[in-house]
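This briefing is intended for reading beside the sequence and the structure. It opens with strand pairing and then takes up the remaining topics by group.

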Amino acid sequence: MSIRFSVVASSAEARDEDVLIDAHHISTDREWFEHPIRTHRLRVGGKVELLAHVALGFKLHRGARDELCVNVSHDDPGASHALDLVSVITAAPAATELPGAITLDEAGDAVECDVVTVPPGGSAPVTLLRANVLVIREVPVEVRHG
């Protein structure tokens with residue numbers, strides 16, 4: 001199953017710097033491939049429409065900004081899958097991250113800050129303040145975080 005979704009970004013700073021959204025393959029054992037297959041560019045104040053599915057997820061990067069506000073809309077109201085939005089802190093300073101990189105902390109893990117589930121037809125605002133990456137992935141509707 002594929003899910004259509006859209007992302008709108010806003011920020012008061014670095015308005016001329018595009019927001020990078022990396023598309024990554026996800027294997028059948030739910031592991032993300034290290035390198036992105038494609039990087040989408042989103043102008044601050046603009047909108048991008050993307051397609052996620054069980055084998056394709058996205059990593060949106062805050063970049064060099066101190067804060068980035070995004071609104072993610074699930075554009076398939078009749079879908080059987082929702083979208084998980086996972087805010088992640090990586091060990092690397094945002095300004096030095098390479099596109100597609102999720103740098104691990106000293107223990108070898110990225111740190112999840114928050115998880116928001118967007119139901120079919122819904123939308124959710126997320127502000128990346130402490131986190132510098134927003135992971136977007138498809139999940140069955142019955143999956144709930146708490």
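Predicted model: local features only at pLDDT ≥ 70, side-chain atom pairs only at ≥ 80, totals over all residues.

In which sense do β5 and strand β10 pair, and over how many bridges? The two strands, β5 and β10 (residues 133-140), pair in the antiparallel sense, over 4 bridges.

**Confidence and overall make-up**

- The mean pLDDT of the protein chain is 84, and 84% of the residues score at least 70.
- Confidence is highest in strand β9 (residues 123-128), with a mean of 96, and lowest in strand β8 (residues 111-118), with a mean of 87.
- The secondary structure consists of 10 strands and 0 helices, so that the order of elements from the N terminus reads β-β-β-β-β-β-β-β-β-β.
- The protein chain has 146 residues, of which 42% are buried.
- Of the contacts between residues at least 6 apart in sequence, 80% join residues at least 24 apart.

- Strand β5 is largely enclosed by the rest of the structure, because 6 of its 6 residues are buried.
- Leu56, Phe58 and Leu60 point one way from β5, whereas Gly57, Lys59 and His61 point the other way; all are buried.
- Strand β2 (residues 19-25) runs antiparallel to β5 and is joined to it by 6 bridges.
- On the β10 side, Leu134 is the bridge partner of Leu60.

**The aromatic pair**

- The count of aromatic pairs comes to 1.
- This pair is formed by Phe5 and Phe58 in an edge-to-face arrangement, with 5.4 Å from centre to centre and 70 degrees between the planes.
- Why does the pair tie together parts that are 53 residues apart in sequence? The reason is that Phe5 lies in strand β1 (residues 2-10), while Phe58 lies in strand β5 (residues 56-61).
- Both Phe5 and Phe58 are buried.
- Beyond its neighbours within four places in sequence, Phe5 is in contact with a set of residues that includes Val48, Leu50, Ala52, Phe58, Val72, Leu83 and Ile136.
- The contacts of Phe5 also include Glu49, Ser73, His74 and Asp75.

**The largest nonpolar core**

- The largest nonpolar core holds 27 residues, and those touching the most other members are Phe5, Val7, Phe58, Leu60 and Leu134.
- At least two residues of this core come from each of β1, β2, β4 (47-53), β5, β6 (68-74), β7 (81-89), β9 and β10.
- Strand β1 supplies the largest share of the core, 4 residues.
- In soluble globular proteins, nonpolar side chains tend to be buried together.

- Of the 9 residues of β7, 8 are buried, and the strand is mostly covered.
- Strand β7 pairs with β10 in the antiparallel sense over 8 bridges, and Ser87 stands opposite Leu134 of β10.
- Strand β7 also pairs with β8, again in the antiparallel sense, over 7 bridges.
- Val86, which has its place in β7, stands opposite Val115 in β8.
- Is Val86 buried or exposed? It counts as buried because its relative accessibility is 1%, and the cut-off for burial is under 20%.
- Apart from residues up to four places away in sequence, Val86 touches Glu112, Asp114, Val115, Val133, Leu134, Val135 and Arg137.
- Val86 and Arg137 are 51 residues apart in sequence, and their C-alpha atoms are 8.4 Å apart in space.

**The loop between β1 and β2**

- Asp16 is located in the loop between β1 and β2.
- With a relative accessibility of 65%, Asp16 counts as exposed.
- Asp16 is 28 residues from Val44 in sequence, with a C-alpha to C-alpha distance of 7.4 Å.

How values were computed. Residues numbered from 1 in each chain as written. Heavy atoms only, no water. Phe/Tyr/Trp six-rings, centres within 6.5 Å; stacked < 30°, edge-to-face > 60°. Buried < 20%, exposed > 50% of the residue type's maximum accessible area, 1.4 Å probe, protein only. pLDDT = per-residue confidence, 0-100. Pairing = 2+ DSSP bridges. Contact = heavy atoms within 4.5 Å. Core = buried A, V, L, I, M, F, W, Y, C linked by side-chain atoms within 4.5 Å.
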